[in-house]
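Me: I would like to learn how to read the features of a protein model one at a time, with the general idea given before the particular case. Could you take me through it?

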Amino acid sequence: MLSVICDSPGVLRAHQSDVPERKTGEVLLRVSRVGICGTDLHIFTGTQPYLQYPRVMGHELSGVVVEADGDSGLAPGDGVYVMPYLSCGTCVACRRGKTNCCVNIKVLGVHRDGAMTEYLSVPAQFVHKAEGVSLDQAAMLEFLAIGAHAVRRANVQAGQRVLVVGAGPIGMAAMIFAKLRGGNVVCLDTRADRLAFCTAQLNVTAAVPVGPDDTAQLASLTNGEFFDVVFDATGNIDAMNRGFGFVAHGGTYTLISIVPGQVTFSDPEFHKRETTLLASRNATAADFETVLEAMRAGQIPDQALNTHRMRLADVPEDFPRLLEPGQTVVKALIEC
Ligand SMILES: [Zn+2]
Ligand SMILES: [Zn+2]
């Protein structure tokens with residue numbers, strides 16, 4: 001079978017090997033689609049701090065069951081998605097149902113080899129039937145679930161003013177689910193193409209470009225009160241620090257981004273607002289269900305979000321092009 005291996009930063013190589021042998025408790029999948037994520041771009045560029053090379057990337061995937069245990073509830077031919085955060089089930093977080101922040105988490109395509117391959121064998125508890133959605137859609141559940149999880153963490157309510165800073169795929173996912181809960185959503189980003197996408201496809205109330213008068217624009221959109229809920233999805237420490245200032249008195253700030261560094265803020269500003277500060281990491285099975293329901297109901301513009309496609313064999317050549325300036329990629333899918 002064909003796999004694409006990231007040997008070291010900047011180096012992708014096609015590799016032929018045997019189909020993996022399925023162990024008891026695992027499901028052998030024929031991989032169908034793999035979504036390319038910011039994480040993969042970081043692995044490729046060498047800016048993913050916890051990664052050992054060589055690595056097969058890919059954690060956003062759909063597939064078809066080839067072989068499974070009789071009692072797994074899965075049968076050959078089933079279309080499935082995989083929750084790529086392999087959690088231990090016994091640590092303090094898992095015992096409380098927070099498998100998304102498992103102490104011993106192993107993420108496919110990060111801590112162990114992932115989905116840029118033709119066949120993959122994974123523990124059955126992380127494989128779920130993708131009922132009522134296409135294999136394209138099923139490969140887009142993961143990044144959407146991260147947005148759905150953040151919106152659930154922040155407990156967005158109808159009528160709340162919501163600001164999403166960072167209009168990449170994860171920020172867009174937060175916008176989609178904040179809007180589905182009735183939030184009044186504004187986004188802030190540096191890129192004009194992303195802001196235009198959010199206005200045209202996600203129907204946000206306003207899309208504000210980062211610039212000298214952005215704070216004044218955000219103030220005027222909210223009568224000077226700013227936002228009940230602010231999400232950061234930038235991956236930029238300066239933006240993360242700045243976001244504290246966009247939270248209304250009594251509001252909530254949720255950091256979806258992770259950066260290696262220190263988040264800092266003024267305590268008097270933080271305190272006078274009684275800011276609620278949250279981190280949001282990965283997603284749980286419930287968040288994937290939320291996304292599936294929205295997708296089946298036609299509430300996700302998944303075809304617009306899927307801007308690029310490539311074949312697995314073409315990944316070594318086509319993947320680096322996603323990083324070229326002027327590219328307007330939202331979500332690229334690999335066909336395996
Ligand atoms: Zn991802
Ligand atoms: Zn655990």
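Reply: Let us begin with burial: a residue is called buried under 20% relative accessible area, exposed over 50%, and partly exposed in between, with a 1.4 Å probe and protein chains only. By this rule D318, with a relative accessible area of 19%, is buried, whereas R321, at 37%, is partly exposed. Before going on, note that this is a predicted model, in which local features need pLDDT of at least 70 and side-chain atom pairs count only at pLDDT 80 or more, while totals for chains, interfaces and linings use all residues. Residues are numbered from 1 along each chain as its sequence is written, chains are lettered from A and ligands numbered from 1 in the order in which they are written, and side-chain values use heavy atoms, with hydrogens and water left out.

Me: What do the side chains of D318 and R321 form where they meet?

Reply: The general idea is the salt bridge, meaning a side-chain nitrogen of Lys or Arg within 4 Å of a carboxyl oxygen of Asp or Glu. D318 and R321 meet in such a bridge, at 3.1 Å from N to O. Elsewhere, salt bridges that share partners join R33, D136, R309 and E335 into one network. The side chains of R311 and D314 also form a salt bridge, at 3.2 Å from N to O, and D314 is partly exposed, with a relative accessible area of 26%.

Me: How many salt bridges does a search of the whole structure find, and which parts does the pair R30 and E118 tie together?

Reply: The search of the whole structure finds 18 salt bridges. To place a pair in the fold, one uses helices (H or I, at least four residues) and strands (E, at least two), which are DSSP runs numbered from the N terminus. In the salt bridge between R30 and E118, the closest N and O atoms are 4.0 Å apart. Because R30 lies in strand β3 (residues 26-36) and E118 in the loop between β7 (106-107) and β8 (119-123), the pair ties together parts that are 88 residues apart in sequence. R30 itself is partly exposed, at 28% relative accessibility.

Me: How should I read a metal site, and which residues coordinate the zinc ion (ligand 2)?

Reply: Donors are N, O and S atoms within 2.8 Å of the metal (3.2 Å for Na, K and Ca), and since water is not among the atoms, sites may look incomplete. The zinc ion (ligand 2) is coordinated through the SG atoms of C88, C91, C94 and C102, at 2.3 to 2.4 Å, and in sequence these donor residues follow the spacing C-x2-C-x2-C-x7-C. Both C94 and C102 are buried. As for geometry, four donors count as tetrahedral if all angles lie between 85 and 135 degrees, four count as square planar and six as octahedral if opposite donors are over 155 degrees apart and all others between 65 and 115, and anything else is irregular. With angles of 103 to 119° among its 4 donor atoms, the site of the zinc ion (ligand 2) is tetrahedral.

Me: What are the protein donors of the zinc ion (ligand 1)?

Reply: They are C37 (SG), H59 (NE2) and E60 (OE), lying 2.1 to 2.4 Å from the ion, and the sequence spacing of these donor residues is C-x21-H-E. H59 is buried, with a relative accessible area of 4%, and E60 is buried as well, at 0%.

Me: Which residues of helix α6 are buried, and where do they lie around the axis?

Reply: In helix α6 (residues 192-201) the buried residues are R194, L195, F197 and C198. They cover an arc of only 155° around the axis, which puts them on the same side of α6. The face turned away from that buried side carries the exposed residues A192 and A200.

Me: What should I look for in the backbone, for example at the peptide bond from Y53 to P54?

Reply: The angle to read there is omega, which is near -5° for the bond from Y53 to P54, and this peptide bond is cis. P54 is found in the loop between α1 (38-45) and β4 (60-68). Another angle to read is phi: E274 has a positive phi of about 50° although it is not a glycine, and E274 is exposed, with a relative accessible area of 65%. N282, also a residue other than glycine, has a positive phi near 50°, but N282 is buried, with a relative accessible area of 15%.

Methods:
The arc is that of the directions from the helix axis to the C-beta atoms.
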